[in-house]
Structures are given as C-alpha cells and as structure tokens.
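Hello,

Here is the structure I promised to pass on. My notes on it follow below.

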Amino acid sequence: MKDFAAIDFETANECPSSVCSVGVVIVRGGEVVDSFYSLIHPEPEYYQWFCMRVHGLCAEDTEDAPVFPLVWEKIEPLIEGLPLVAHNSPFDEGCLRAVFNVYRMDYPEYTFFDTCAASRKHFGRLLPNHQLQTVAAACGYNLLNHHHALADAEACARIALMIL
C-alpha cells in the first residue's frame with residue numbers, strides 16, 4: 001500500500017465519541033507528504049483518570065480547543081480518496097463513527113486497514129505482543145512519544161509502509 005492516511009485518536013473518557021486529540025499522516029507514493037494534529041473539545045465533556053494517565057491530556061488542555069466538526073473540516077480534504085490505516089483500527093473507526101453520530105454528520109463509510117491485525121499475520125509469534133510500540137520497533141521505527149496522537153499516527157504509517 002503506497003497511498004493512505006494513518007489516523008489515531010485519543011479519548012477523554014470511556015465514550016468512543018470523546019475524542020480529545022487526533023493525528024493524521026498522509027502517505028502518497030510510499031512517502032509521507034503531510035501531517036495534521038489537533039486537540040479537540042471532547043463530547044461528552046469530561047476526563048477520566050485512566051485516560052488522562054494514558055495520554056496526559058486533561059480538561060484544561062482542551063477547554064478552548066475546537067469541536068470535532070471544525071477539526072474534521074480540515075482533515076477531510078487531506079484524506080479524500082484515501083483508505084485509512086490505524087493500529088487496532090476497530091477502536092479508531094469506532095471513535096470516528098461515534099463522533100460523527102454525536103454531531104449528526106453523514107458518515108462517508110471510510111475504508112480502514114488495521115496494522116495490528118497485519119502485524120499478527122506478518123510477525124506472528126516472533127514478537128512478544130503486537131502493541132504499537134513493539135511493532136514499530138520491529139519495523140525499525142523508534143516511537144518516542146507513545147499516546148500522542150500524531151506520534152502514534154506516524155508510527156502506524158511507518159508500520160503500514162513495511163507490512164501492508
């Protein structure tokens with residue numbers, strides 16, 4: 001796969017619609033050509049401790065952030081016509097569908113590919129697990145800022161270029 005958009009969401013709480021940040025990396029012709037990152041004002045608007053512990057974001061970080069539809073207006077032209085790639089894509093696709101639903105936006109049935117599932121097929125038992133940082137390392141990419149949406153999308157893009 002040479003043309004795709006790698007995407008990663010972080011959430012504020014257990015609700016899939018509570019996206020609080022997004023990272024997108026655009027790959028064309030096998031090369032990273034663009035990237036996008038934004039904080040997002042989550043809906044519902046509260047943070048749970050376990051989410052904050054994972055990504056380090058809190059309500060103060062996103063209180064003045066744009067709501068999802070305003071962020072998606074910037075992402076949509078970047079990803080037009082591209083399949084989406086995510087590590088554990090059911091999570092990210094679920095977030096995307098949920099937040100589209102919350103804001104009553106028409107969901108365009110994006111095509112998702114999952115680098116976690118691809119890693120299981122490609123590496124099998126050669127890896128101790130198929131977590132993003134483990135697979136990224138196996139593909140020669142050093143993920144330094146795990147759970148920052150853009151860093152995770154960059155790692156996912158590198159994995160996809162190697163094994164998809």
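**Cores, pocket and salt bridges**

The largest nonpolar core holds 24 residues, and W72 and L96 touch the most other members. A nonpolar core here is a set of buried Ala, Val, Leu, Ile, Met, Phe, Trp, Tyr and Cys residues joined through side-chain atoms within 4.5 Å. Buried means under 20% relative accessible area, exposed over 50%, and partly exposed in between (1.4 Å probe, protein chains only).

Two or more residues of this core come from each of β1, β2 (19-28), α3 (68-79), β4 (84-86) and α4. Helix α3 gives the largest share, five residues. Helices (H or I, at least four residues) and strands (E, at least two) are DSSP runs, numbered from the N terminus.

What does W72 touch, leaving aside its neighbours within four places in sequence? The list is I7, F9, I79, L96, F100, M105 and Y110. Contact means heavy atoms within 4.5 Å. There is also a second, separate core of twelve residues, with F123, A136, C139 and A155 among them.

A note on the source: this is a predicted model, where local features need pLDDT of at least 70 and side-chain atom pairs count only at pLDDT 80 or more, while totals for chains, interfaces and linings use all residues. Residues are numbered from 1 along each chain as its sequence is written, and side-chain values use heavy atoms, with hydrogens and water left out.

Now the pocket. The largest pocket has a volume of about 350 Å³. A pocket is an open set of points on a 1 Å grid over the protein atoms alone, where a 1.4 Å probe fits, with protein on both sides within 12 Å along at least five of seven lines; lining residues have an atom within 4 Å of a point. The volume is the space filled by probe spheres set on the points. The lining has 18 residues, and D8, H87, F91, H147 and D152 lie nearest the centre. Elements giving two or more lining residues are β1 (4-11), α1 (49-55), α4 (89-102) and α6 (132-138). The lining divides into six nonpolar, eight polar and four charged residues.

Last, the salt bridges. The whole structure has two. The cut-off is a side-chain nitrogen of Lys or Arg within 4 Å of a carboxyl oxygen of Asp or Glu. R97 pairs with E93 at 3.4 Å, N to O. Both lie in helix α4, four residues apart, about one turn of the helix. R97 also bridges to E109, with the closest N and O atoms 2.9 Å apart. E109 sits in the loop between α4 and β5 (112-114), twelve residues from R97. Shared partners join E93, R97 and E109 into one network of salt bridges. R97 counts as partly exposed because its relative accessibility is 34%.

Best wishes

Conventions: Ala, Val, Leu, Ile, Met, Phe, Trp, Tyr, Cys and Pro count as nonpolar, Asp, Glu, Lys and Arg as charged, and the others, Gly among them, as polar.
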